[in-house]
Amino acid sequence: MTEYDDPYRTSGRHLDIMIRGWWDHHGATVAEALRALPPGSGPVVDAGAGGGHGTRLIARTLPEAEVLAVEPSPVLVAVLLARVADDPGLRTRVTVDGDDLLAADLPDRIGGVLMANLIGHFSPHERDRLWEDLAPRLAPGAFVLLNLPEPTEPAPVGRSPMGEVPVGGRTYTGWARAEAAGPELLTWHMTYETRAGDRVLSSDEVRYDWWTVSEAALRAETAPYGLAVAPHGPAEAGLYTITREG
Ligand SMILES: C[S@@+](CC[C@H](N)C(=O)[O-])C[C@H]1O[C@@H](n2cnc3c(N)ncnc32)[C@H](O)[C@@H]1O
């Protein structure tokens, strides 16, 4: 088995506060989809859970559900575990698994899977392995809920702000830009700054690969495993459910 190479080794400490804006904007649409999961059908998996915004949303939206949060980045596991352990409503129902999703020992029966802001970390070959592995585990009526972030083709993205989050006497800011790196591959370049007023206290530059997936490609690659793709919510959310047919 190959060693997991953590793309969030440096940026993990910034991710949770930077991605909060996505959850503020799309959390209600995600929750609405989650409410359609079949109750009592096995744990709901938060795949690539990061610091646990989605994990917490699953647990609060489905108060009877067991949640399995799979997150391989050690720095993000620390954030996730602290978030879960601090909340009595999560602590008894959420299990944190520090594995790579491709190597995780998932339950035979799963009540649903959330993959928020995750899919581009998997190559086409890895996604193929994922669909093959997940399809037979999905309980009747259960689905994978994921988003296909823009761009879904490898088009360049000019430098744009990700967020600016004031906390106490510091402001945490992120910028992102991307360039095509192959027919289905982007390279993202991120800058994360910590400022006190106008003074820059630290600046981290990171880059990582992101495999683009279009809706058409998602349909084509999941169909062989008896999975059906349907859009969910407003198009700008880029959310899709992937349900086992029959
Ligand atoms: C952009 S973050 C999104 C985090 C979280 N889902 C959210 O939306 O707040 C992507 C996450 O996927 C995780 N990830 C990357 N590769 C993974 C893999 N092979 N298996 C499981 N998680 C992975 C990263 O560690 C990171 O936490």
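The model is predicted, so local features need pLDDT of at least 70 and side-chain atom pairs count only at pLDDT 80 or more, while totals for chains, interfaces and linings use all residues. Residues are numbered from 1 along each chain as its sequence is written, and side-chain values use heavy atoms, with hydrogens and water left out.

**The open sheet**

- Helices (H or I, at least four residues) and strands (E, at least two) are DSSP runs, numbered from the N terminus.
- Two strands pair if DSSP finds at least two bridges between them.
- Seven strands make an open sheet with mixed pairing, in the order β3-β2-β1-β4-β5-β11-β10.
- Its edge strands are β3 (94-97) and β10 (227-232), each pairing on one side only.
- From one strand to the next, the twist averages 20°.
- Six bridges link β10 to β11 (residues 239-244) in the antiparallel sense.
- A230 stands opposite T241 in β11.

**Helices on the sheet**

- Contact means heavy atoms within 4.5 Å.
- Axes are lines fitted to C-alpha atoms, for helices over the stretch in contact, and angles run from 0 to 180 degrees between N-to-C directions.
- Helix α1 (residues 12-34) lies across β4 (112-115), β5 (143-147), β10 and β11. It runs at about 160° to β5.
- Helix α3 (residues 74-86) packs on the sheet and touches β2 (67-70) and β3. The directions of α3 and β3 make about 165°.

- Strand β6 (residues 157-167) runs antiparallel to β7 (residues 170-182), joined by eight bridges.
- Two residues lie between β6 and β7 in their hairpin, where G168 takes a positive phi near 60°.
- P166 stands opposite T171 in β7.
- V165 has Y172 of β7 as its bridge partner.
- Y172 is in turn partnered by T194 in β8.
- Eleven bridges pair β7 with β8 (residues 185-196), again in the antiparallel sense.
- The hairpin from β7 to β8 passes through two residues.

**Around D100**

- D100 sits in the loop between β3 and β4.
- D100 touches Y4 and P72, leaving aside residues up to four places away in sequence.
- D100 and T212 are 112 residues apart in sequence and 20 Å apart in space, C-alpha to C-alpha.

**Cavity and pocket**

- On a 1 Å grid over the protein atoms alone, a cavity is a set of points where a 1.4 Å probe fits but cannot get out; a pocket is an open set with protein on both sides within 12 Å along at least five of seven lines; lining residues have an atom within 4 Å of a point.
- Grid points are joined across faces, edges and corners, and a volume is the space filled by probe spheres set on the points.
- The whole structure holds one cavity of 30 Å³ or more.
- The largest cavity contains about 30 Å³ of space. Residues lining it include I119, L148, W210, W211 and T212.
- The second largest pocket has a volume of about 200 Å³.
- Of the 14 residues lining that pocket, P38, P39, G40, L62 and A65 lie nearest its centre.
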